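Me: Can you walk me through this model? I'd like the overall layout and then some individual residues.

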Amino acid sequence: MTRYLLRRLLQAVFVLWAAFTVSFAILYLLPGDAVSAKLGGGEAGLSVTPEQLALARAEYGLDDPLPLQYGKRLVAALQGDFGRSISTGDDATGMVVSALPPTLAVTGFALVLAILFGGGVAIAGTCTRHRWLGNALLALPPLGISLPPFWVGLVLIQFFSFQLRLLPALGSNGFESLILPAITLAIPTGAIIGQVLAKSLRTQLAEPYSEIALAKGASRLRVHFGHLLRNAAVPTLTIAGVVAGNLIAGSVITETVFSRDGLGRVTSSAVTAQDIPVVQAVIVLAALVFVVINLLVDLVCPLLDPRIRYRETADA
């Protein structure tokens, strides 16, 4: 078990390093930079000389050789310091951390809805004795996956805000403002969870132990909750960890559609301005959330299925 945990921790460290390194390379390969965009473009009607632009670039270390910039930023990032925002001058880490609570509220609520929706559809679709009803329910996850989140958000705004006037269309005030953005994020996430869980439940239904339990007179509902869910939980939990980590990335579009304060708005503004410190802070934070969630999943899966631990030991 110790070797299993150590391997997962090393993989987590590698993912964080890769996220930092790849984002650094991509951002510096883009033409121009934030200083040039802010000053060289004549922001606010100001005329900036080449000397002033060079001084500003030197202030942010953008005139150093690329390997030196990478080394300095990597060492600082290990200490939680991503530098100052080139656009605003504020601490990049502080900007991201302060924008995180509204995003976590939406993504956390969306994850709960996704589990309820995906799990409910999968259990109901595989538990019912009516084939037509099961097929209809199990057709919902593929449909949910195919719907673009921005389109779902606009439809929800049109129907629940403009026509029924039940929920606010924009803003970040109160619990009611969470509902539509959370549903927008929950539909594709819950669809993926439901599709994987339904496939796993169908596989377990075909196993001899479930057929024996049904032959002894146990109801399909009892077989599902008493036997099948535990065995079908491992692949579902694994994919749930992946999509839960991706919710922060999905929040960028959703928060833009609903004009919410949060990490999505900060990311959108930083990308537009090529604000490298802020963009890197967001990317590393998203990777950290992804790594932590999947590390927790890796710790829980062997408890549900001890064979995973044994396979890891055999592979080692």
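This is a predicted model: local features need pLDDT of at least 70, side-chain atom pairs count only at pLDDT 80 or more; totals for chains, interfaces and linings use all residues.

Me: What box do the C-alpha atoms fill?

Reply: Roughly 85 × 60 × 30 Å, taken along the principal axes.

Me: And what percentage of the residues is buried?

Reply: Of the 316 residues in the protein chain, 38% are buried. Buried means under 20% relative accessible area, exposed over 50%, and partly exposed in between, with a 1.4 Å probe and protein chains only.

Me: Among contacts between residues at least 6 apart in sequence, what share joins residues at least 24 apart?

Reply: That share is 73% in the protein chain. Contact means heavy atoms within 4.5 Å.

Me: Which domains is the chain divided into?

Reply: Domain 1 covers 33–79 and domain 2 covers 100–275. These bounds come from an automatic or database domain assignment. The centres of domain 1 and domain 2, taken over C-alpha atoms, are separated by 42 Å.

Me: On to packing. At what angle do α5 and α11 pack?

Reply: Helix α5 (residues 92–127) and helix α11 (residues 220–257) pack at about 145°, and their axes are 8 Å apart. The axes are lines fitted to C-alpha atoms, for helices over the stretch in contact, and angles run from 0 to 180 degrees between N-to-C directions.

Me: Which residues make that contact?

Reply: From α5 they are T103, T107, L111, I123, T126 and C127. From α11 they are R220, L221, H224, F225, L229, A244, L247, I248, S251 and E255. The contact of α5 with α11 divides into nine nonpolar, five polar and two charged residues. Here Ala, Val, Leu, Ile, Met, Phe, Trp, Tyr, Cys and Pro count as nonpolar, Asp, Glu, Lys and Arg as charged, and the others, Gly among them, as polar.

Me: What about the largest nonpolar core, which residues have the most contacts inside it?

Reply: F20, F82, V96, L263, V278 and L285 have the most contacts inside this core, which has 27 residues. A nonpolar core is a set of buried Ala, Val, Leu, Ile, Met, Phe, Trp, Tyr and Cys residues joined through side-chain atoms within 4.5 Å.

Me: Which helices supply it with at least two residues each?

Reply: They are α1 (2–29), α4 (66–78), α5, α12 (263–272) and α13 (276–304). Helix α13 gives the most to this core, with eight residues.

Me: Where does this core lie relative to the domains, and why?

Reply: Domain 1 and domain 2 both give residues to this core, so it lies between them.

Me: What is L263 in contact with?

Reply: Leaving aside neighbours within four places in sequence, L263 is in contact with V96, A99, L100, T103, I248, E255, V282 and L285.

Me: Now L100: buried or exposed?

Reply: L100 is buried, with a relative accessible area of 16%. L100 lies in helix α5 and, not counting residues up to four places away in sequence, touches L263 and L285.

Me: And Q69, what does Q69 touch?

Reply: Q69 touches F24, Y28, G61, L62, D63 and D64, again not counting residues up to four places away in sequence. Q69 is found in helix α4 and is buried at 6% relative accessible area.

Me: Where does T189 lie?

Reply: T189 lies in helix α9 (residues 176–205). T189 is buried, with a relative accessible area of 7%, and touches A114, V243 and L247, not counting residues up to four places away in sequence.

Me: Last topic, backbone. What is phi of R165?

Reply: Phi of R165 is near 55°, a positive value in a residue other than glycine. R165 is in the loop between α8 (149–163) and α9 and is exposed, with a relative accessible area of 67%.

Me: What about S259, where does S259 lie?

Reply: S259 lies in the loop between α11 and α12. S259 has a positive phi of about 50° although it is not a glycine, and at 32% relative accessibility S259 counts as partly exposed.

Technical notes. Residues are numbered from 1 along each chain as its sequence is written. Side-chain values use heavy atoms; hydrogens and water are left out. Helices (H or I, at least four residues) and strands (E, at least two) are DSSP runs, numbered from the N terminus.
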